[in-house]
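The exercises below are to be worked with the sequence and the structure at hand. Each task is followed by a solution in steps.

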Amino acid sequence: MLNNHGFDLWSDRYDASVRHADESSQYPFAGYARLMNSIYGAIMNRPSSRVLDIGFGTAVLTSRLYDAGHAITGLDFSLEMIKIAHSKMPDANLLQWDFTLGVPPALRNQTFDFIISTYALHHLSDDAKVDFIAELLGLLAPQGAILIGDVCFQTRSALLSCKAACGNTWDTDEIYFVFSELQERLSPFCRMAFHEFSFCSGVIEIRKS
Ligand SMILES: C[S@@+](CC[C@H](N)C(=O)[O-])C[C@H]1O[C@@H](n2cnc3c(N)ncnc32)[C@H](O)[C@@H]1O
């Protein structure tokens, strides 16, 4: 599992390596651009939204939303990623924070129209994902949505098929989303939908019930 220094070292090559994997339809980033565009489109339907991005990285998505006039708050634990994101979004509220510690105190009384996270929350265990999402629901405005784009599968068997097909390129340190299992645990508290973007990626949409 990469720590913040690992992400610091990856930061200047990140965009090119993701683009290459997406264009050649390779795990883990096959479907990346379409997935990001779908989240962008959902947020663009609501002008001047308050958006929280968790693990914003080089701000591939959030800088487009920033340029379109949305109010951006973000969390990331890599200082180098924050530097790149800050250069694209000088007025955004970017916090250095490790999301394994939950929501930072500075945000606990705020609400957001959209809480987004792309290719970051697979660093949490499945139990920690449930706890963190439950905490994020408390920051959601009444008509708001949490949109999580990541390596993600509808079922455990779909994950296992992809893992078998990927062979030794599969990253055993990362804990990918299985929508049906997450839904079973969270559905008493919220409404959820899964949108697939490639053989290994999808967006999980979560709204208050
Ligand atoms: C693979 S990148 C994804 C970046 C961006 N969201 C995207 O989709 O291109 C993962 C990002 O999450 C951040 N990250 C990973 N684990 C984190 C943690 N525990 N706390 C805060 N940020 C974390 C990394 O620093 C990195 O910027």
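**Exercise 1. Helix H3**

How many residues does helix H3 have, and what distance does it reach from its first C-alpha to its last? Then find its buried residues and state how they are placed around the axis.

Solution. The model is a predicted one.
Step 1: H3 runs over residues 32-44, which gives 13 residues.
Step 2: the distance from the first C-alpha to the last is 18 Å, close to the 18 Å expected at 1.5 Å a residue.
Step 3: a residue counts as buried if 20 or more other C-beta atoms lie within 10 Å of its own. In H3 the residues that are buried are Tyr-32, Leu-35, Met-36, Ile-39 and Ile-43.
Step 4: these residues lie on the same side of H3, because they cover an arc of only 95° around the axis.

**Exercise 2. Helix H6**

Solution. 
Step 1: helix H6 covers residues 126-137 and has 12 residues, which should span 16 Å at 1.5 Å a residue.
Step 2: the end C-alpha atoms of H6 are 17 Å apart, which agrees.
Step 3: Lys-129, Ile-133 and Leu-136 are the buried residues of H6.
Step 4: they are on the same side of H6, since their arc around the axis is only 55°.
Step 5: Asp-127 and Asp-131 are exposed, on the other side of H6.

**Exercise 3. Glu-23**

Is Glu-23 buried or exposed?

Solution. 
Step 1: Glu-23 belongs to helix H2, residues 14-23.
Step 2: Glu-23 has 12 other C-beta atoms within 10 Å and is therefore exposed, the cut-off for exposed being 12 or fewer.
Step 3: Glu-23 and Ala-33 are 10 residues apart along the chain, and their C-alpha atoms are separated by 8.9 Å.

**Exercise 4. Strand E8 and its partners**

How many bridges join strand E7 to strand E8?

Solution. 
Step 1: E7 (residues 190-198) and E8 (residues 201-208) are joined by 8 bridges and run antiparallel.
Step 2: the two strands form a hairpin, with 2 residues between them.
Step 3: within this pairing, Phe-194 stands opposite Ile-204 in E8, and Met-192 has Ile-206 as its bridge partner.
Step 4: strand E5 (residues 140-153) is joined to E8 by 6 bridges, and these strands also run antiparallel.
Step 5: Asp-150 has its bridge partner in E8 at Gly-202.

**Exercise 5. The ligand shell and the whole chain**

Which residues around the ligand are the closest? Finish with the overall dimensions of the protein chain.

Solution. 
Step 1: the ligand is surrounded by 17 residues, and the closest are Phe-7, Gly-55, Gly-57, Ser-78 and Thr-118.
Step 2: by class, this shell has 9 nonpolar, 6 polar and 2 charged residues.
Step 3: the protein chain contains 8 helices and 8 strands.
Step 4: its C-alpha trace spans about 45 × 40 × 30 Å along the principal axes.
Step 5: of the 209 residues in the protein chain, 37% are buried.

Note on methods:
Residues are numbered from 1 along each chain as its sequence is written. This is a predicted model: local features need pLDDT of at least 70, side-chain atom pairs count only at pLDDT 80 or more; totals for chains, interfaces and linings use all residues. A residue is near a molecule or strand if its C-beta atom, placed from the backbone, lies within 6 Å of it. Ala, Val, Leu, Ile, Met, Phe, Trp, Tyr, Cys and Pro count as nonpolar, Asp, Glu, Lys and Arg as charged, and the others, Gly among them, as polar. Helices (H or I, at least four residues) and strands (E, at least two) are DSSP runs, numbered from the N terminus. The expected span of a helix is 1.5 Å times one less than its number of residues. The arc is that of the directions from the helix axis to the C-beta atoms. Two strands pair if DSSP finds at least two bridges between them.
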